[in-house]
Amino acid sequence: MEFHIASSTEEVCGLLAEDPTREILAGGTDFMVEVNFRHKDPSAVIAIDRVPELKQWRHDGDAVSIGSCVTYREIERGPLSTIVPALAQSARTVGSPQIRNVATIGGNLGTASPAGDMIPVLLALDAKVIIRSIDGSREVSIDELITGVKETSLADNEFIEKIRVPILRGPQEFLKVGPRNAMVISIASLAMVTDLERSAIAIALGSVTAAPSKAREAEAYIQDFLDWNVMTVESSALPNFRRLVGEASSPINDHRSSATYRKHAVGVLGQRALLRIFESRDDG
Amino acid sequence: MSVVDDTVEAIPSGIGVSAVRPDGKEKVKGDFIFSSDLSSEGMLWGQTLRSPHSSARILNIDISDALSISGVHAVLTADDVPGENIFGLERADQPVLANDFIRYAGEPVAIVAADHPEIARKATDAIKVEYEILSPLVDSSAAITAKAIHPEGNVIRYLNIVHGDTEAVGDVIVEGEYEVGMQDQAFMGTESGMAIPSPDGGIDLQISTQWLHSDQEQVATALNMPIEMVRVTLAGVGGAFGGREDVSMHVHLCMLALYTGKPVKMIYDRNESFLGHVHRHPARIWYRHHASFGGRLVKVEAKVILDGGAYASTTSAVLANACCFSIGPYSVPNASVEGWGVRTNNPPCGAMRGFGNVQTCFAVEAQMDKIAKELNLDPVEFRLNNALKSGDTIITGQEITGTAPVREVLMSLANHPLPGPSSNNLLELPGGTGRTTDGSHVKRGVGFAASIKNLMFSEGFDDFSEARCIVDDGFIAIQTACVEVGQGFVTLVQQIVQEILGIEKVEILPADTSIGSAGSTSASRQSWMSGGAVMKACEAVVNSLISDLSNEQGVSFERIGTVLVAPDGSASIPVSDALRGRNYDETVVHRHAPTVPLDEVGQGDAHVSFAFAAHRAVVDVDEELGLVRVVEIATSQDVGRVLNPVQARGQIEGGIAQGLGLAILEEIILQDGKIQNANFTDYLLPTAMDTPTIEIAALIEEPEPNAPFGAKGIGEPPVISSTPAVVAAIRDATGLDLNRVPIRPEDIALG
């Protein structure tokens with residue numbers, strides 16, 4: 001097997017241009033499992049986890065640019081945890097400390113599992129993914145990148161360079177349901193972010209849709225019942241809101257859970273996230 | 001800087017102290033040699049091809065492509081089994097390699113040896129097997145009358161226990177149906193071993209197992225080899241819990257080594273491990289309890305169906321336990337219990353910690369709570385009203401002649417203080433790291449359960465263990481074939497020698513088949529059986545020493561503690577001093593009191609001794625999402641005598657975690673007999689965030705007559721009643737019936 005350890009993004013571009021069948025290896029926490037289970041038999045691999053610019057994050061105007069090889073651990077515990085709190089909350093739910101020490105944000109997007117825990121947070125935040133190749137850079141949204149179950153719009157010669165995440169002023173929540181209290185694949189998850197400057201709320205769902213998905217109807221519906229000055233929500237709106245969040249999902253039955261439970265759970269998570277951010281008030 | 005002089009403080013020694021494990025340091029540092037670390041010059045790697053179908057007929061196997069791969073040394077099938085192509089722990093009914101029918105998904109079909117594990121894997125992929133796929137029998141109830149899937153029929157055992165007046169009727173009648181899912185032992189070290197052909201034409205097998213001599217016998221039959229030519233040595237075991245009692249790769253390794261003339265090693269990966277060992281029997285259980293208005297049990301009726309999967313393994317004995325102890329640790333004058341251990345095309349089931357008692361305990365404890373509620377009695381009070389005591393008779397007609405401190409166990413636990421209120425930290429509430437649940441969503445529940453477990457082998461089995469004590473100029477070596485699976489027998493051996501001979505340093509010789517059988521490391525039996533054998537071997541050395549001293553000095557010494565004392569007190573000498581310059585070699589066989597088989601109505605003194613435990617679980621439940629956080633499990637246990645407090649706590653904590661696992665997490669999920677979650681991503685073991693504070697309310701020390709040092713086995717009781725205690729607590733919080741374990745979030749949220 002051919003194995004390359006890249007030291008710069010240019011080198012990665014060159015290696016992929018030379019042979020687009022070469023596969024990208026970052027933290028390896030999904031990749032190596034696939035290899036061990038023989039679901040993947042790569043003939044050539046490019047390790048990108050030692051490329052310095054991919055391992056860094058920096059402020060970029062009203063956003064942060066997070067290199068694709070920044071680890072969960074860094075996001076969970078480093079300064080990013082206060083800049084993008086929901087991303088840190090989602091990072092904490094993933095695997096064990098050993099996994100989080102090596103698993104990367106770029107890997108979570110590249111694997112494109114419906115249960116990828118950072119995906120709903122990044123979607124809710126309207127993060128942009130910067131994709132590189134020898135031909136240059138292009139920028140896509142999360143739902144443009146991830147097109148289906150473990151499917152992305154990445155071309156063979158492209159790789160994820162960084163993720164540009166807007167810095168919002170306003171509370172953020174990530175909630176995830178799994179049968180175990182830690183180290184568990186999500187059955188249903190939900191990210192809710194607010195932007196106090198624009199009085200905006202965004203909600204995205206995890207593990208309950210094939211591709212990343214927002215609860216747009218629920219977002220629009222609840223706007224009318226929010227008071228952004230005092231951060232309250234009319235309690236009468238809650239049942240409908242919860243129903244709309246559930247209806248935004250299209251979950252499957254599998255060995256992890258039933259579709260019925262997933263739909264139920266994601267609605268509950270929506271209501272709970274909302275009530276952590278907005279205090280419930282009885283109508284006039 | 002301070003200097004610690006560790007020679008000043010005496011190292012704890014003898015029985016009853018927290019002696020340190022002799023292999024502890026190596027295990028903590030990663031230096032311990034587990035079976036997966038075995039290696040040998042010129043070693044080949046073995047790999048197994050398994051059936052993807054749960055029921056099929058093999059039409060043809062073509063190995064030619066696999067054989068043509070460079071680096072492949074052997075591809076063997078059923079035709080290559082040198083002896084009888086059949087093995088089994090209690091009855092031989094399972095092929096070493098499938099030759100006509102496939103009866104479960106994962107059944108071995110062919111084996112390969114190659115220079116490299118990856119080549120071996122590619123070779124198994126290259127074997128072409130033509131199957132005629134059949135429709136699998138996967139329903140355990142239907143199996144009783146369904147067309148037989150095995151020449152020996154589908155009912156592995158039917159057991160009927162009739163006790164007292166079966167026409168008796170109580171004032172209050174409570175009925176229930178219960179189900180237990182398939183739990184896995186999930187030991188950390190997967191199956192691994194190595195076979196080395198020996199110059200005399202025999203075979204040396206190094207393997208992680210639970211019972212060397214049972215392996216030896218089954219391997220010799222399959223290889224058609226005299227038993228003494230099969231030498232089995234224990235390789236470092238990474239946990240067992242019953243899952244290593246059956247033969248797995250043993251014969252395969254030996255076949256490949258004999259065929260190639262080279263050492264062959266195998267390691268199952270995690271996925272294959274789930275296919276490579278037996279699991280806990282799934283159960284369907286029906287109960288009807290009768291009680292008097294006065295709060296006494298009048299009659300218990302039960303029907304128990306255990307799904308044994310494709311082959312018998314220990315199903316018969318598991319069924320006996322499930323039925324004999326289906327009443328729990330209670331006295332009842334009348335009972336009628338029927339049990340079926342059946343064959344299906346599900347994965348084979350056999351021994352797992354708790355061995356049949358787990359399944360009926362879950363169900364019967366739910367029944368006990370139901371009747372208590374019906375009678376408006378406190379659950380503990382109702383249990384106390386009916387608690388077994390020494391001298392009582394269980395439903396098999398056997399009188400309990402040993403200790404039975406059920407009342408003491410129950411009372412000490414009930415009196416233990418409850419934990420404080422729910423945490424304010426989201427991570428310590430249901431949902432944990434998922435941050436789903438605030439304190440406002442939480443309901444607190446408390447549940448209580450108690451259990452009975454038989455110790456050692458039952459039903460007339462000739463149960464023994466052999467031990468050898470070698471004295472070489474005052475140095476001691478002990479040999480047994482007792483398998484150390486992590487339970488701490490190696491620690492106990494040292495403690496026994498210290499207790500009797502007063503000698504600190506003990507060499508423990510490798511466990512192998514050059515000495516007589518120690519029986520299995522299971523059934524909570526090794527401290528009693530092999531511990532007893534070591535005790536007797538040490539005593540035999542003392543007796544020889546006393547006899548030699550008597551011949552030499554004309555004084556008949558007597559051992560008091562670790563000192564030899566003349567009858568008139570005129571002389572005394574420590575045993576350790578007297579052994580200096582002397583050599584002894586004593587081998588002793590230790591047996592427990594004999595038992596008898598159950599008769600046609602399930603009566604007979606089939607069991608040796610009984611141990612009791614109770615658990616109280618406190619849970620926080622998020623009803624809306626169905627998530628649970630077990631806050632605390634407190635326990636009291638009847639132990640006879642504590643031999644090593646730290647090791648006792650280890651057994652209790654580990655067992656409780658496993659019992660909690662069955663209550664809310666652990667299940668092998670099957671679809672048409674195929675395992676859907678053969679990995680630790682989806683077979684969910686409790687993590688540190690799921691395992692609660694464990695409080696030991698009391699260890700009841702009433703020495704058991706006839707037990708070495710008065711000690712009862714303590715390994716299994718912690719797992720048995722912890723499951724129903726957790727479920728009872730969740731019922732208390734939610735008011736739901738919850739008649740199936742493990743409980744899934746949707747059982748609560750959508751229940």
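Helix H3 of chain B, residues 117–126, lies across strands E1 (44–50), E3 and E5 (108–114) of that chain. The helix runs at about 30 degrees to E1(B), with axes being lines fitted to C-alpha atoms, for helices over the stretch in contact, and angles running from 0 to 180 degrees between N-to-C directions. Helices (H or I, at least four residues) and strands (E, at least two) are DSSP runs, numbered from the N terminus.

Before going on, the conventions. This is a predicted model, in which local features need pLDDT of at least 70 and side-chain atom pairs count only at pLDDT 80 or more, while totals for chains, interfaces and linings use all residues. Residues are numbered from 1 along each chain as its sequence is written, chains are lettered from A and ligands numbered from 1 in the order in which they are written, and side-chain values use heavy atoms, with hydrogens and water left out.

Back to the sheet. Its 7 strands form an open sheet in chain B, in the order E3-E5-E1-E12-E9-E10-E11, with mixed pairing; two strands pair if DSSP finds at least two bridges between them. E3 (72–76) and E11 (230–234) of chain B are the edge strands, each pairing on one side only. From one strand to the next, the twist averages 20 degrees. Inside the sheet, E9 (residues 192–197) and E12 (residues 264–267) of chain B run antiparallel and are joined by 4 bridges. Ser192(B) stands opposite Ile267(B) of E12(B).

Chain A has an open sheet of 3 strands, ordered E15-E16-E17, also with mixed pairing. Strands E15 (226–227) and E17 (279–281) of chain A each have a single partner strand, so one side of each has no neighbour in the sheet. E16 (residues 232–234) of chain A runs parallel to E17(A), with 3 bridges between them, and Thr232(A) has Glu279(A) as its bridge partner.

Next, domains. An automatic or database assignment sets the bounds: in chain B, domain 1 is 36–135 + 190–237 + 244–276, domain 2 is 283–458 + 598–749, and domain 3 is 464–591. How far apart are the C-alpha centres of domain 2 and domain 3 of chain B? They lie 37 Å apart. Across that boundary, 22 residues of domain 2 of chain B are in contact (heavy atoms within 4.5 Å) with 19 residues of domain 3 of chain B. About 1500 Å² is buried between the two, 66% of it from carbon and sulfur atoms; buried area is the accessible area (1.4 Å probe) that two parts lose on being put together, summed over both. On the domain 2 side, Met456(B), Pro708(B) and Phe709(B) lose the most area to domain 3 of chain B, together 38% of what that side buries.

Last, some single residues. Gln359(B), in helix H9 (residues 357–374) of chain B, is buried at 0% relative accessibility, where buried means under 20% relative accessible area, exposed over 50% and partly exposed in between (1.4 Å probe, protein chains only). Leaving aside neighbours within four places in sequence, Gln359(B) has contacts including Val180(B), Arg280(B) and Leu306(B).

How many disulfides are there over all chains? The search finds 0, a disulfide being a pair of cysteine sulfur atoms within 2.5 Å. Cys361(B) is buried at 5%, but its sulfur is 14 Å from the closest cysteine sulfur, in Cys323(B), so it is too far for a bond.
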